[in-house]
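Me: I have a structure open and would like to learn how to read its side-chain contacts. Could you take me through some of them?

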Amino acid sequence: MADIRKNLIILAFVLSGVLVSLLVLNFQKIEKDQGAEILNARPETSKSFPVKISRGTVNFFNLKGGSGKVVFYEATDSMIYEIGFDARNKKELARIPDVLKMVFSPNGYEIVTAVSEKGTLKNYYFDLSDDKRAALPKEIENAVFSPDGGKIAYYLYDLARDEGNVSVAKPDGSGAATIFRTKIKNLGLLWPETNLIILYSAEDEKNQSLAFSMTPDGKEFQRITGEELNSRLKSTPEETSILQKLGIEAIDSRLNPLKDYLIFINAKDGKLYSLKI
């Protein structure tokens, strides 16, 4: 009987030792797993790698206001896509073959595009939300939407008259009014603010950019500096700094309004990427 009691006591000590060892090992494992979880959740880690959001090359894209989405035209399959900044919920919007130029409205559903139809250049307005299409003057060389998307400004050059003009119209081309006439060719347009349209070219004798600002009614007109023009045309210093730190060269880049995502076309492969900042 005494031997049995002695054996039970020894067994109890052994089992206690095993239990303590298991608890220590389990505690160490939990600590290790928790450390890895925290490390993997660090913003520096999760926000450092751009995510590719297009299969093929992209020449035209725009952010859809504050929706957290981007729309883009992929040349590989002639398709306009919509996708979230997080590369989720990709959706096909429309297929438009042989696109030469494309400008998206701020809401992403209206576009002005130049296409080649059997070798002939044509310009169209599309409303992707209800499948509307309208022909625009074929002479249009450049077009831009107003900040609210309610109007477009476009530049065309009439070879018969040897004269260019800038007009403002509804996106479908109706209600057009000419606000500026010029002999300057290859005129580019920006519409960065409600009451500010910028016209620019490189047609002067010194091959330096000519740039002017005007109101949408054409009543106020003045020359602006090349420095101001470049600040409107180029990526912002903030966008450039972010990409440079990652060693990335971009063809085009845009920060969303909340500045927590940067969408860009990578110069290396021509594809569209999203970077969480």
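Reply: Happy to! Start with the side chain of Asn123: one of its polar atoms lies 3.0 Å from the backbone oxygen of Pro137. A polar contact is a pair of N or O atoms within 3.5 Å; within protein, one must be able to donate a hydrogen and the other to accept it, and residues adjacent in sequence count only if both atoms are side-chain atoms. Before going on, note that this is a predicted model, where local features need pLDDT of at least 70 and side-chain atom pairs count only at pLDDT 80 or more, while totals for chains, interfaces and linings use all residues. Residues are numbered from 1 along each chain as its sequence is written, and side-chain values use heavy atoms, with hydrogens and water left out.

Me: Which other backbone oxygen lies 3.3 Å from a polar atom of the Asn123 side chain?

Reply: That of Ile140. Asn123 itself sits in strand 8, residues 120-127 (strands, E, at least two residues, and helices, H or I, at least four, are DSSP runs numbered from the N terminus).

Me: Is Asn123 buried or exposed?

Reply: Buried means under 20% relative accessible area, exposed over 50%, and partly exposed in between, using a 1.4 Å probe and protein chains only. Asn123 counts as buried because its relative accessibility is 5%. Leaving out residues up to four places away in sequence, its contacts (heavy atoms within 4.5 Å) include Thr113, Ala114, Pro137 and Ile140.

Me: Now for charged pairs. How many salt bridges does the structure hold?

Reply: Nine. The term covers a side-chain nitrogen of Lys or Arg within 4 Å of a carboxyl oxygen of Asp or Glu. In one of them, Glu82 and Lys69 meet at 3.4 Å, N to O. Glu82 is in strand 4 and Lys69 in strand 3, so this pair ties together parts 13 residues apart in sequence.
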